[in-house]
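Work through the exercises below with the model open. Try each task before you read its solution.

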Amino acid sequence: MSGIYWYKKLNNKAYRSILTGAVLLCAAPAALAAGGGQPAKESSMYDPFVITMIIIMLILLLAIGLLANVVMGAASYYYQKEKEREQQKSGASAVAAVTTVLLLLFAAPVFAQGGNAAIDAAATVQATSSFGGLSPTAFYFIVGVIGIELLVVFMLLYQLRVFLAKEKLQQDLAAQVVKKPGVSFWDKMNKLKPIEQEAQIDLGHDYDGIRELDNRLPPWWLYGFYVSIIFAAVYVWRFHVSHTAPSSAEELQIAMVKAEEQKALYLKKSASNVDENTVKVLTDAAEIAGGEKVFIQNCAACHGKAGEGSVGPNLTDDYWLHGGSVKDVFKSIKYGWPEKGMRSWKDDLSPMQIAQVSSYIKSIHGTNPPNAKAQQGELYKEEGAGNTNPADSLNNKVASATNK
Amino acid sequence: MQVEQFHYDNKIVKQFAYATALWGIVGMIAGLWAAIQLYAPGATLNFAPTTFGRLRPLHTNAVIFAFVGNCIFTGVYYSLQRLCKARMYSDKLSKLHFWGWQGIIVAAALTLLLGYTTGKEYAELEWPIDIAITLVWVVFGINMFGTIIKRRERHLYVAIWFYIATWVTVALLHIVNSVEIPVSLFKSYSWYAGVQDALVQWWYGHNAVAFFLTTPILGLMYYFLPKAANRPVYSYRLSIIHFWALIFIYIWAGPHHLLYTALPDWAQSLGTVFSIMLIAPSWGGMLNGLFTLRGAWDKVREEPVLKFFVVAVTCYGMATFEGPMMSLKNVNAISHFTDWTIAHVHIGGLGWNGFMAFGMLYWLIPRMWGTPLHSKKLATNHFWLGTIGIVIYAIPLYWAGFTQAQMWKTFTEEGQLKFQFLETVTHIIPMYVTRSIGGSLYLIGAFLMVYNLYKTIKKGRFIANEAAEAAPLEKHTSHAKEYWHRWIEKKPMTMLVLSLIVVAIGGAIEMIPTFLVKSNVPTIASVRPYTPLELQGRDIYVREGCYTCHSQMIRPFRDEVARYGEYSKAGEFVYDHPFQWGSKRTGPDLAREGGKYPDSWHYNHMMDPRIMSPGSIMPAYGWLLDNKIDTASTPAKIRAMQKLGVPYPAGFDKIANKDLMTQANGIRINLKMDKIETPKDAEIVALIAYLQRLGKDIKATAKQ
């Protein structure tokens with residue numbers, strides 16, 4: 001009976017192509033994920049996104065495997081019956097056989113598609129390897145794979161429905177056909193020996209009453225192990241032989257370059273690109289309030305809540321260690337005076353925030369808060385302002401001498 | 001054939017079982033206490049021994065070596081006798097083993113609380129205790145092999161393979177990682193420094209998980225699960241493959257704890273790929289456990305013992321899948337240094353180890369007392385409390401870890417870090433609260449078990465010596481064709497040696513090049529040894545367990561470079577005996593703390609962290625302000641460092657204290673300028689000196 005011959009052949013082929021597909025597909029995105037070492041991981045957005053995509057890919061792949069298995073099971077069950085019926089009334093349902101063969105033929109390209117996708121995957125790994133982040137290519141590739149996988153899932157579901165419909169029809173036609181208790185999908189997937197046949201694989205060991213069976217290794221487990229070994233080889237190859245994956249230090253460089261570009265682009269577009277040469281005292285109440293907020297959060301610990309000074313100097317008096325103009329204050333905040341304990345804030349505060357807090361500091365000048373710290377540094381006089389007190393200047397020199 | 005009569009020794013099993021329950025409760029309380037401190041810093045009681053930095057090592061050591069350790073011994077002493085059809089080799093050795101181990105635990109608890117620590121995670125115990133551990137471990141080994149040798153069963157069952165591999169590997173790990181040079185009775189320095197110390201430490205740390213928390217428990221699973229289910233083991237060939245693959249591959253995976261650090265890239269890659277290859281061998285154990293229950297699932301519904309085992313084995317499968325995923329660089333970039341890791345280990349600890357221990361005790365105690373369990377219902381309640389506890393424990397921490405990592409890495413469009421470190425901490429405090437609720441549920445469950453077992457014991461009569469009989473082993477004459485693996489199952493010594501060879505390979509290949517090939521740790525000329533004051537400060541840092549919350553390892557990420565400064569280089573750590581890279585950032589990284597804040601900032605911050613950083617969860621370290629630096633130890637410390645190859649000039653030990661005082665005086669004057677009066681020999685001065693030194697050497701090169 002040629003139908004059965006074809007079925008077997010197709011079945012084998014389909015299995016093999018699923019397997020290859022699975023191996024390649026599993027290895028590819030994983031290698032892509034781990035190996036790509038996308039500096040995209042630096043950005044908060046991409047990483048979970050990429051991981052989610054890959055997980056979706058794998059889950060769909062698993063679904064395909066499961067469904068394919070079910071379809072295959074259904075096909076074999078159907079054929080078994082077909083054969084029985086043929087023996088009874090030979091060659092009656094030729095039409096049905098032909099239909100099924102057609103269906104199965106249809107299945108082959110579906111699986112072939114899966115295989116192709118896998119090969120594409122492998123190819124893309126090579127192609128994207130030079131890309132730092134999740135390049136558009138990689139993105140479209142992943143989306144493409146998910147699309148194809150979805151398509152395959154739908155096709156398999158459709159086929160399954162066709163089989164089920166046929167089965168139902170036949171059951172309706174011939175209710176007397178007794179259903180055979182086939183091997184469950186779970187048992188098949190794990191190559192489990194049915195419990196009733198357990199005696200066949202009992203090894204006869206007896207350790208304090210514990211017996212041992214000799215079940216075959218679950219195929220998915222074994223092939224998973226092989227895949228992990230392939231993954232290991234590909235990984236080491238990419239990182240240490242072909243150098244198509246970036247080292248940790250290279251990843252940082254890529255990320256920094258990208259960050260600089262983004263930052264420059266943003267600053268060019270926005271108006272907040274102030275620096276120590278262009279900064280002016282802001283007088284708008286909202287700006288000062290913004291500055292005050294930043295001050296309380298970041299500066300108050302050392303300079304006091306009212307700027308009276310504690311660990312750091314008093315910011316409300318007329319004396320300044322590093323200049324009292326808004327430009328000088330801006331500069332001190334931005335770059336810090338690390339050797340004197342004032343840290344740089346340029347990585348924590350935006351230029352605009354530094355301008356706000358500088359302006360706030362200018363705004364609290366002369367407020368004479370309680371517990372003010374003794375004056376330090378040089379007397380600073382706002383340009384255009386009046387008198388100098390020589391006594392203050394003397395004090396200031398004494399102070400700066402003791403505060404070295 | 002003459003059948004011999006003999007008795008199994010249940011008394012030793014009983015002792016270990018009691019110890020398991022006791023130390024389990026103690027270890028869990030320590031853990032809960034430490035967890036509460038993360039949102040209620042006052043819970044340290046402002047008392048040095050009960051601060052997080054000392055409590056956390058106590059918790060980890062107690063649950064690993066006291067709770068799980070005693071659980072292993074309980075199971076091994078029970079199952080080994082029955083699998084070998086022989087009483088333990090020597091009751092005296094059993095007794096010595098038991099009391100020796102409990103003595104070590106008590107000594108460990110006391111010394112850790114007093115601040116005697118080597119500063120290496122899961123190997124914090126000081127050198128005299130390390131020696132005691134070695135001796136007791138040898139006693140255990142002799143007792144175990146003595147029993148195996150006088151066995152009445154020709155072949156060794158798979159559980160025993162795991163016991164043998166455990167014994168030999170733990171011995172190897174412990175000895176290699178504990179090479180240290182004593183300074184005084186309770187102070188030593190690790191023989192290794194910096195990168196090498198990190199590699200050895202995580203080779204040890206990772207394989208403590210592998211060979212103390214995994215392989216022996218797998219051995220227990222292979223005995224107790226089929227016994228409790230009364231089903232044959234699913235697959236003998238799977239046992240063989242997963243056993244050898246597991247012990248061979250596990251040992252390589254240590255460097256996955258050091259991804260993106262200053263460890264050479266090739267070693268990091270080995271850590272990653274071997275972790276991935278570890279999935280299948282680990283799952284082999286899970287499958288063999290779960291499939292053994294085929295045909296017994298109806299029993300699972302009724303039998304709490306099996307319920308515990310099922311969840312334990314499932315947690316084992318989850319943790320051993322998650323672990324390899326976290327070893328992928330891009331996942332590790334998110335998970336490492338966050339609470340994700342803590343969640344991960346507790347799936348293993350609470351789920352796998354804890355539930356295996358509970359299941360085993362529920363099975364053993366009724367049998368040894370010849371009576372049914374007092375209340376199955378109570379045990380089932382324990383099971384549900386524990387399971388829900390694990391869920392409520394783990395999910396918030398996954399959430400916290402992920403959230404914090406995202407916050408660390410977020411930049412504003414202007415290119416600034418969006419969040420201050422402290423904001424990322426205060427943000428996840430609700431998760432910490434929830435986690436401690438989960439932990440409490442789990443602990444309550446453990447109390448239920450103790451009560452249940454107590455009632456069972458009261459009801460029954462203890463069978464101290466259980467009668468058994470078996471024929472003695474005859475000289476082996478059969479030449480029948482056997483499964484190829486059977487020959488080694490007859491040869492325990494060959495098994496021992498083979499296991500040793502198999503586990504030695506991975507470690508050797510990773511360590512030898514890191515030690516011998518110079519390019520793995522490029523030297524930096526400006527990196528100098530610590531001054532005596534800084535060295536004393538460093539020892540205080542180690543004593544207070546600062547490494548339990550602060551890392552000293554800036555990874556090459558944009559956000560870390562922006563937040564902490566230039567990423568850490570291997571050459572910066574060459575004088576760090578031991579390394580202090582840490583594994584968790586509850587607080588910010590300190591690798592470049594030097595010069596970031598004034599001395600007075602540190603002074604105030606140590607006195608009460610919340611003065612300088614409102615909302616901080618760091619404990620206050622008031623005693624550092626009063627304690628005096630132990631200057632008497634300075635010369636010995638300098639000499640020890642010289643022995644380790646730190647290039648202090650000859651005779652420096654004699655003038656070290658003078659140098660120390662000069663530097664201390666400078667800091668005292670500095671503090672005085674900010675209106676802080678402190679004696680120059682206060683411990684805080686030494687700690688400030690150390691903190692102000694951190695990560696600065698490399699900047700000197702930049703200036704030149």
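**Exercise 1: a histidine site**

B:His256 sits in the loop that joins helix 8 (236-250) to helix 9 (265-277) of chain B. Helices here are DSSP runs of H or I with at least four residues, numbered from the N terminus. The model is predicted: local features need pLDDT of at least 70, side-chain atom pairs count only at pLDDT 80 or more, and totals for chains, interfaces and linings use all residues. Residues are numbered from 1 along each chain as its sequence is written, with chains lettered from A and ligands numbered from 1 in the order written.

Task: state whether B:His256 is buried or exposed, and which residues it contacts beyond four places in sequence.

Solution. 
1. Apply the cut-offs: buried means 20 or more other C-beta atoms within 10 Å, exposed 12 or fewer, partly exposed in between, with C-beta atoms placed from the backbone.
2. List contacts (C-beta atoms, placed from the backbone, within 7 Å): B:Gly271, B:Thr272, B:Ser275 and B:Ser327.

**Exercise 2: the annotated group**

Task: find which residues the UniProt annotation "binding site" covers, and why they gather at one spot.

Solution. 
1. The unreviewed UniProt entry marks B:His206, B:His256 and B:His257. Such annotations may be inferred rather than shown by experiment.
2. These residues span 52 residues in sequence, but no two of their C-alpha atoms are more than 8.8 Å apart, so they gather at one spot.
3. B:His257 is also buried, with 25 C-beta neighbours inside 10 Å. Beyond four places in sequence, B:His257 touches B:Trp202, B:Gly205, B:His206 and B:Ser583.

Conventions. Helices (H or I, at least four residues) and strands (E, at least two) are DSSP runs, numbered from the N terminus. Two residues are in contact if their C-beta atoms, placed from the backbone, lie within 7 Å.
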